[in-house]
Structure formats: C-alpha cells, structure tokens
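Trainee: Could you walk me through reading sheets and single residues in a model like this one? I would like the general idea before each case.

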Amino acid sequence: MKYLLLTLSLCGIISGAFAQNGYTIKGKITDTAGTHQMLNTTIALLNEKDSTLVGHTRADAESNFSITKLRAGKFILLVTYPGYADYAENFELDSLHPAKDFGNINLFLKAALLNDVIIKGKAVAIRIKGDTTEYNAGSYDIRPNDKVEDLLKQLPGIQVDKNGKITAQGQTINKVLVDGEEFFGDDPTLVTRNLRSDMIDKVQLYDKKSDQATFTGIDDGQKEKTINLKLKEDKKQGYFGTLAAGAGTDKFYEARATANIFKNKQKMAFVGGSGNTGQSGFGSGQRIQIGGDDMASGEGLENFNGGYNGRGIPSSHTGGFHFEDAWNANKRAINTNLKLGSSGVKGNNNTLSRNTLPTGVINSESDEDFDNIMLQKNVDARYKHEFDSTSTITLTVSGGLANSKTRSDFKSTNTRGDNSLMNTGIRNINNEGDEKTLNASAFWAKKLKKKGRTISINVRQSLGDSRSDGYLYALNEFYDVSSQKENQDLVDQYKVNSTIRNSFSSNATYTEPLSKTLALTANYGLNLNNSNSNRRSFNQSPTGKYDDLDENFSNHFKLDEISNQAGASINFNKGKTGLTAGTQIQAVRFNQVDVNANKSYRRNFINWFPQANYRLKISQQQGLSLGYNGSTSQPSLEQIQPIRENTDPLNVILGNPDLRPSFSNNLNLSYSSFKMLSEQYFYVQASYNNTFNQITNNTVTDPTTGKSSNQAVNISNKNPDGLTVQAMLSRKIKSLDAHGGIEFTFMSSNSYGMINNTLNESKFLDIYGNLSLAKYKSGAYSFRFGAGPACTVLSNSLQGTRSQNWGVDASGNFSVNLPGKIEIGSDAVYAYKTKTEAFDRNLNRFNWNASISKKFLKAENLRLSLRGNDLLNQNKGFNQSINGNMIVQNRFSNINRYFLGSIIWDFNKMGAATKTQ
C-alpha cells in the first residue's frame, strides 16, 4: 500500500517550555480524487534547523492523525504525496494556542491544476535528497510552448549558454536523461530543445555512477554530472512536436522539425534540422571514441571531427530517430538511437604572438583560411533483460561511419625583437578521411542469497578503422639579421595514413557484507589493446606523380598491450554517515614493434589509484561530501618515442626514453542546503590538486631561425598545484517578490615549464563574482539580470613579468507579453577588461539580441517571429591569452549581425484531459 508522507518542519527559534501535558495537533487527510485510501498515513514532526525527527505517528483507519506532547513554537505543515499537489500551512503553538485542529486536509491531483482548481498550498522549489538536488518544475515560470532549456535557465546553480551548453555546480553536463533513460544518446541539446517544459515534474541534478556502482551500492569513483527529467504522469501519453522555418539577411537560415509520440513506457522521437546560425545540429558532433592507446602514431593530417567552437561560419544538416520501450512488468527494455548528418565550418583566423626567450623575443603573425566538412552516421542500442529479481543483463552496441574533408591554408611571418625578418612560411593542407567504429558491451549483475552479497561482470569490445590521405605543401624561407634570405625548406608530399585498433576490457566485482554497517568490495579486470598504424609519405618523382616513398617520414608500428587491474575497498554506512575507501592497482605491459626498422620497444609499469569518499547527510535538506582521488600517469609513447612528423616543419617533437611517471592528488569538498521558508539554496564546492614528478615540455627555440623542438621532461623539485572554490547563494526576496543570487569563483594555480632548458614558473589567479536578480510573472513577463567584477593576475618567473587586469561581466534577458498576443524579448552580454602590460588596449564588448513575435490560434501555438542577432555588430571574433612565455592575440571570423524571420508551429496533445497548448 502506498503511504502518504506528512512532513512538519519547525521554523525559527523554539520558545516557551512544555505545557503540563504538552501541545497537540490533529487533523484528517482527505483524497478529493477518491483514488486512494489514506489509511496508515505516515506523519512526522521535523526540526527545520536540522530536519531531525521530533515525533511521529500514523493515521488510523479513518485517516485521522494526532501528535501530542509537543514544544511551543512556529511550525509549517507540509503534506506531499506522489501525483498530488503539495500542501503547506504555517501555524504556531503557544500558551494561548495549546492545540491545533487542521480539520480535513484536502489533497488534489496535480492533473487537476490544469482544470483551474485552486488549492491552498505551496510547492517546495528545491529538495536535497542525499547527493541529489531536486527542483520542482511547478515552482518556476513555465510559459506555453517553452522548452526544457527555458526551464533550466531559471534553476539556481544551473547555467545554459546560447549554444545550449549546460553547466551545473561548476561542471559541464554531458548527459540529460528522461525518466532515468537516455533520450537521443549523449547529446543534451536534443533533449533540452525538443521536450516541453510543461511536461516536466521534477529536475534532478546528481552524479551518475557506473552501472556496477549503482547495482552494488558501493562507490567506484566513476561519476558523471547528470540531469534527469521526471515526466508528469499525464504527460506520458500523447504526441507533441515543432515545425519551424526561417530566413534572414546575409543568407542566414534555419529549419527544424521534431515529432514525439509517447505511449507510457514507449517513446518515439524524430528530429531534423538544417541551418547556418549554429543553432541546429547534434551539439558537439564528436565521433564515437574507443579505448586504447594511440600508439604515439599521431594523425599527421588531422581529420575534422564535425564540431563547432564558435569560429567560422557553420552549416549543419541533421536528422535522427529515437525509440525506447519496456514490457513484461519492466523486466525487458530497449533504447535505440539513429543519427545522420553533415556539418561543416569555413572561415579565417589571424594570430599574433610574442614568444619571450632568455636570449630574446620572437614576434609571429599567421593567417589561416579553412574549409572543413564531415558526413556522419551513428547508431546505438541498449537492451536490458531481467531474468528474475536477482539477476539482470544489459547489452549495449554502438557504431558509426564518418567521412571528413579538410582544407587549411596558412601564411606566417616571424620577426626578431628588433623587427628584422626571421622567416616566412606558406603551408597548405588538403585531407580526406574515413572512420569506422564499433563498440559492444555486456553487463551482468547477480544478487546472491546473503543480503548485500553480489557479483557483477562487465565486458567491452571496441573496434576502429581510420584511413586518410591528403597533400601537404610547406615552404619556409629563412633570413639573417639583416633580413637577407639565407635558405629555404620545401615539403611537397602525398600522405596516406591507416590505423586499425582493437581493444577489449573486462571487470568483475564482488561485494561481501561484513556487518550491518560494513561491506567489502573487490574487483579484477583484464584489458587488451592491439593497434596497427601505417603512415606513408610520398615525394613527387620526375614523372610528376607522388610515388617516391620518403622513408624518413614513413613508419609502420604495431602495438600489443596487456594490463591487469585489481582493487578493493571498504564501504561504511550508518545513519547519516557514509565512507568508502580503497585502491586500485594496475600492472601494464606493452610491446611496440617498428616494422620498417625491425625493432621492438617493451615497457612494464605499475599504476596506483587510491580513493576515499566521505558523505554526511546533515538533514533532509543539507548534505556534505569530501572526496580524494590519487592517480599515476605514465608518459605516452609519443613522449617517449615520437614518430617523425613534418606537417609543421617549424615545430619538431623529440622523444625522451628516460621519462618517469607522475602522481597526482585531488581533494574535493562540497556542501549544499535548502531552507524552505526563505526558499534559500546554498551550494559550495572546493577542490585542490597537486602533482609530483610532473611531466611537462621543454621547448627549445633557435633565436636565429625560429625553429622549435619540444621534448617531454620530468620536473622533480617543483610540484604544480591548483585551488578552485565555487559558491552560490539564491533566495527569495519577499519585498520584491523576486529571487536574488550571489555567485563567487576563486581559482589559483602554480605551473612549471622549461623554456630553452630554463625553468619557468607561471602563477595564475582569477577571482569572479556575480549578483543576480530574477522575477517572473506567469503569462505577463520574465526578467533576469546579473553582473559582477572579475580580476585576473598572471606572472612568469623567467621574464620576471606580472600582468594584472580587472573587468566586469554582465548579462540579462527579459520577455514581456503585450496585448494582441504579441511578445517582445531581448538578451544581452557585456564584457569589459582593462589593458595590461601584455595587451595595450581595453576590451569592451556588448552583444545584444532581440526578438518580437505574434501568436495565433486559440492555443497560441502558431508564431511569427523576427529575431535580430548582435544588433550592435560587436560580436567580433577576438581572444587574448597568456600561457607561460607566450602572449597570444587571436582574431577570427564568426557569426555577426543578422535578422531572421521565422514561422513556428508547436503541436501538442498529451494526456486525455490535457488541452493543446
């Protein structure tokens, strides 16, 4: 039988003493829908300060309840039940009011709210449930036809940028689930820009654990910050979608179509899009990756991965299909996705840099024109089969095909500190690549007879085949101190690369309960990796054909790697406290064979991964966690034995077979709390890391020619470290009927590198603050504004320089509903930074967008809109950075001002009693 949870939270300072017999409350729970009997309702009295249990009872057969012998004080009565609207009421017990009779407490189905039922009560905006922060979607402003992205922008602690990238509690969200299941795989934008806000009941933010950790209940250290969208019960039946098309100035356009059909557990979705505004497509566009070492082979002429980072003008044409279903009492379930598309980007890039060496200064300028395109097909499927209540197997398969074309043309000029010409260069790269990937995995989990005793096995097989061919033309001319040409280097080659990878990984985990509070977990894994990389470079022969093999820049390597990993940990859970501590040890043995030279290189090493995690549930609305992770990092094969590469003749990589492994420590602390009365949410996270025996680069630049060699080296007497603190406070401002927020970020780091065999220490400090105010009135307007100062300090020991600048970042948006179903909206971002010793001018940028739309039809689901992007035309591609001894200024083409007219139709028929919105 389902139980109703009645939570009473004590507010304020408890005053007075017990009456002779104490104070009393009583009442009766009534289900107005008549669908549930409120028998055995659980009733609890909690202290609001720490949410400790003060008293409890259960309703009788008539659903009556009473709690006696209470202290005097101010209370809140909160009634919650799955599928029902929350009920809240303030009350006080004192000598004048020794008893409180609530009478009949009527509960209403949430679905009834759509029929204009007015209830007495208040939804709780945020709940802290262990490591999960849960937002009640009904507590925020949801307008007709809003998407999930519009809802997320209102939630404290969550930020969404203009490209749809989600950041929560300082971490990027790469996975958005729907009712705990993947929806279109790992692309959050296909969820947040497809699903409607009015379908969402709860938004849950948490660290998603691995399948094995979720099954065993024992943390294995594998976590990924995740958002889960819980749908309303009446929104799991029906269909909805969007059709939109727009055209604008400067040949900008957008078109998209989505259609979704939900039948309880069965969900089908179709998406399609085309455009060049950067707002359509499948997010990052990254290729499916497989495990295994890259054998230091490098790609030489790199393939385009289909992603867009804001540089250049993009184009995208995409389509996808999603299907999921569960049957046989949810013991069988399938989830599958298909994605097809092409994405491209073209533009230009100008870079100015200043390289300060112990012996002088080198100034560089380079220009790049690029035109890249990729065609991609991806499919994945996940099947879950529950044999019985103790045994489950999950099978996953994914694969992809990709074809890319890349063209890059470079021109560069390097000068000495006295402005004398050092070298000039022309470099042209044309490349076409194909990639095939296939991944398959199986996870089997079994609960044994003894409670808490489990065994689980996870195996994964990955295959990859990538091939590319293209042309490299590079001409570099060198000049003496009087700017007279001395010599030149010419590379004119045809390159063919082929890499085949095959990797297998496995892990078996066993858990054994030692007592009611202690459990032991042990695991073992075997990993195999086989790779074959064949790279050939051909010079042009007298016949004009590229058939003259260049053995210096051709190679053929094979790699066989085997590793055994074992670990154990202890898990302690008692009351509000949880502690996990353990370690993993990995023994790795690999053999790399240089086929052309008939040589082999063998290496054996041990990796160590200690970890510990402490969790404290202070109350139902407060949580604290402290975690530690240590890891050994071995030098890569490319650092030890690099393959000769002439793609960039001015930069050469040298090997260092004497490299030793490094070891890193990372400590994390997080705390979160929510106070219902003031709707105050507070979150803070701090992390500290350091590295022993750091592996870094020693860059040696010839001050006469400008040529550089890069070699990985260990720095044993200096340990780089870093500290990051992020905090956020949000609460209701009753006098304004608005929400205010404060955010603070502190970042500090020390890093080390070698410049021409001389140690360089770089120190970085970044402090950022933000004050925000947001107010929403459903059906009328929404408003949000935030601004704050920022300060950055950089210093380098090699040059004895110190650079400091401060600035202001601000952003805001609003929307207003006008008569005649007209809505206007605007958003803006402002950035200001003062000049420094490195950059001699202030940075001042204001990016302003605006829109106006007219709604039609009774449901207001047909819109005509006009959108203006970057109205002041200030969104110029510009970036400045300082890294070690390098000062870099970058200008690039990007999307500037345009106007776009669109027509959008949102259709929706969800639930039998739900009106189209």
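Mentor: Happy to! Two strands count as paired if DSSP finds at least two bridges between them. Keep in mind that this is a predicted model.

Trainee: How many bridges join β11 to strand β12?

Mentor: There are 3 bridges between β11 and β12 (residues 166–168), and the two run antiparallel. Within that pair, Q159 sits opposite T167 in β12.

Trainee: What holds such strands together in general, and what is the order of the strands in the open sheet with β11?

Mentor: Strands of a sheet pair through backbone hydrogen bonds, either parallel or antiparallel. Here 3 strands make an open sheet in the order β11-β12-β13, with antiparallel pairing. Each of β11 (158–160) and β13 (171–173) has a single partner strand, so one side of each lacks a neighbour in the sheet. On average, neighbouring strands of this sheet are turned by 30 degrees against each other, direction ignored.

Trainee: Which strands stand at the edges of the open sheet of 6 strands?

Mentor: That sheet has mixed pairing and the order β9-β10-β16-β17-β14-β15. Its edges are β9 (126–129) and β15 (181–182), each with a single partner strand. Strands β16 (residues 200–209) and β17 (residues 223–231) run antiparallel, joined by 9 bridges; I200 stands opposite L231 in β17.

Trainee: And how should I class I570 by its relative accessibility?

Mentor: I570 has 35% relative accessibility, so it counts as partly exposed. I570 belongs to strand β30 (residues 555–574). Beyond its neighbours within four places in sequence, I570 is in contact with residues including L514, L518 and L579.

How values were computed:
Residues numbered from 1 in each chain as written. Predicted model: local features only at pLDDT ≥ 70, side-chain atom pairs only at ≥ 80, totals over all residues. Heavy atoms only, no water. Helix = DSSP H or I, 4+ residues; strand = E, 2+ residues; numbered from the N terminus. Axes fitted to C-alpha atoms, helices over the stretch in contact; angles between N-to-C directions. Buried < 20%, exposed > 50% of the residue type's maximum accessible area, 1.4 Å probe, protein only. Contact = heavy atoms within 4.5 Å.
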